[in-house]
Amino acid sequence: MSEGKNLGISKTMFIVGLIIAILASSLISTLVAMQWLKGLKGDKGDTGATGPQGPQGLKGDKGDPGNETVFAYWDVNWRTISGSLQWGAVIGTSMFCSTFNYNWGSGDVYGAYADYIGFDATMQVKMSRNGPVTFTVGGDDNFWFYVDGALTISGSLSWGISKTIYLSQGTHTLTLWWYDVTGTALVIFNCDSDIVMWNP
């Protein structure tokens with residue numbers, strides 16, 4: 001009797017094992033078949049050609065032009081000087097930069113003139129503020145510097161004389177007279193940079 005029970009348990013276990021084996025075999029067969037259908041992954045192909053470029057977008061409106069910077073300059077009238085230091089006739093014209101340092105030594109100053117030569121020069125400047133402005137003027141042999149017609153600096157110091165004055169907002173007229181009689185000829189002018197360039 002106990003042998004029959006043992007045989008019955010063995011048969012049950014055998015059947016369960018057989019079912020498990022059949023299911024496992026079926027699962028393995030399915031996985032193998034799927035792998036076979038899928039195939040191995042191939043190498044990556046070359047990149048395709050770039051497609052045509054799309055149309056260019058519309059051009060935007062042109063912006064408003066910016067303000068140009070205005071630079072002041074000197075209008076120069078060259079004059080002869082007599083032996084008694086009197087101004088002669090105008091013999092030519094030229095322009096100077098707003099600030100300058102000219103040292104001709106004992107050479108020609110203007111044309112063929114190395115001595116007994118001078119100029120009167122005028123420049124318009126613009127103050128965007130109210131406040132002090134420093135001017136520096138120098139020359140050999142002599143010079144006179146005016147702001148709006150008022151004598152501001154004069155002398156004969158070649159390294160320059162500086163003076164600070166108050167100017168109101170707006171346009172102002174600078175005038176410079178200079179001459180050389182004999183020997184070294186030089187003239188210099190400098191001032192605060194904001195009055196010799198501005199936006200209109």
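This is a short tour of the structure in your viewer, one selection at a time.

Keep in mind that this is a predicted model: local features need pLDDT of at least 70, side-chain atom pairs count only at pLDDT 80 or more, and totals for chains, interfaces and linings use all residues. Residues are numbered from 1 along each chain as its sequence is written, and side-chain values use heavy atoms, with hydrogens and water left out.

**Stop 1: the open sheet**

Start with strands E4, E11, E6 and E9, which form an open antiparallel sheet in that order. Strands here are DSSP runs of E with at least two residues, numbered from the N terminus, and two strands pair if DSSP finds at least two bridges between them. Colour E4 (100–105) and E9 (161–167) to see the edges, since each of these strands pairs on one side only. Neighbouring strands of the sheet are turned by 15° against each other on average, direction ignored; the axes are lines fitted to C-alpha atoms, and angles run from 0 to 180 degrees between N-to-C directions.

Now select E6 (residues 131–140), which is joined to E9 by seven bridges in the antiparallel sense. Across that pairing, Phe-135 stands opposite Lys-163 in E9.

**Stop 2**

Next, select strand E5, residues 117–127. Eight of its 11 residues are buried, where buried means under 20% relative accessible area, exposed means over 50%, and partly exposed is in between (1.4 Å probe, protein chains only).

With 19% relative accessibility, Thr-175 counts as buried. Leaving aside residues up to four places away in sequence, Thr-175 touches Trp-74, Ala-121, Thr-122, Trp-144, Phe-145 and Tyr-146; contact means heavy atoms within 4.5 Å.

**Stop 3: aromatic pairs**

Show the rings of Phe, Tyr and Trp (its six-membered ring): they pair if their centres lie within 6.5 Å, and planes under 30 degrees apart count as stacked, over 60 as edge-to-face and the rest as tilted. The whole structure holds 20 aromatic pairs. Zoom in on Trp-78 and Trp-104, an edge-to-face pair at 6.3 Å centre to centre with 75° between the planes. Trp-78 belongs to E2 and Trp-104 to E4, 26 residues apart. Trp-78 is buried, at 2% relative accessible area.

Move to Trp-87 and Tyr-179, also edge-to-face, at 6.0 Å and 75°. Trp-87 lies in E3 and Tyr-179 in E10, so this pair ties together parts that are 92 residues apart in sequence. Trp-87 is partly exposed at 32%, whereas Tyr-179 is buried at 8%.

To finish this stop, select the cluster linked by ring pairs, whose members include Trp-74, Trp-78, Phe-119, Phe-135 and Trp-178.

**Stop 4: backbone details in the loops**

Most residues other than glycine have a negative phi, and most peptide bonds are trans. Which peptide bond is cis, with omega near 25°? Select the one from Asp-140 to Asp-141; Asp-141 lies in the loop between E6 and E7 (142–147).

Leu-85, in the loop between E2 and E3 (87–97), has a positive phi near 60°. Asp-148, in the loop between E7 and E8 (150–155), has a positive phi of about 50°. Leu-85 is partly exposed at 41% relative accessibility, and Asp-148 is partly exposed at 44%.

Notes
Helices (H or I, at least four residues) and strands (E, at least two) are DSSP runs, numbered from the N terminus.
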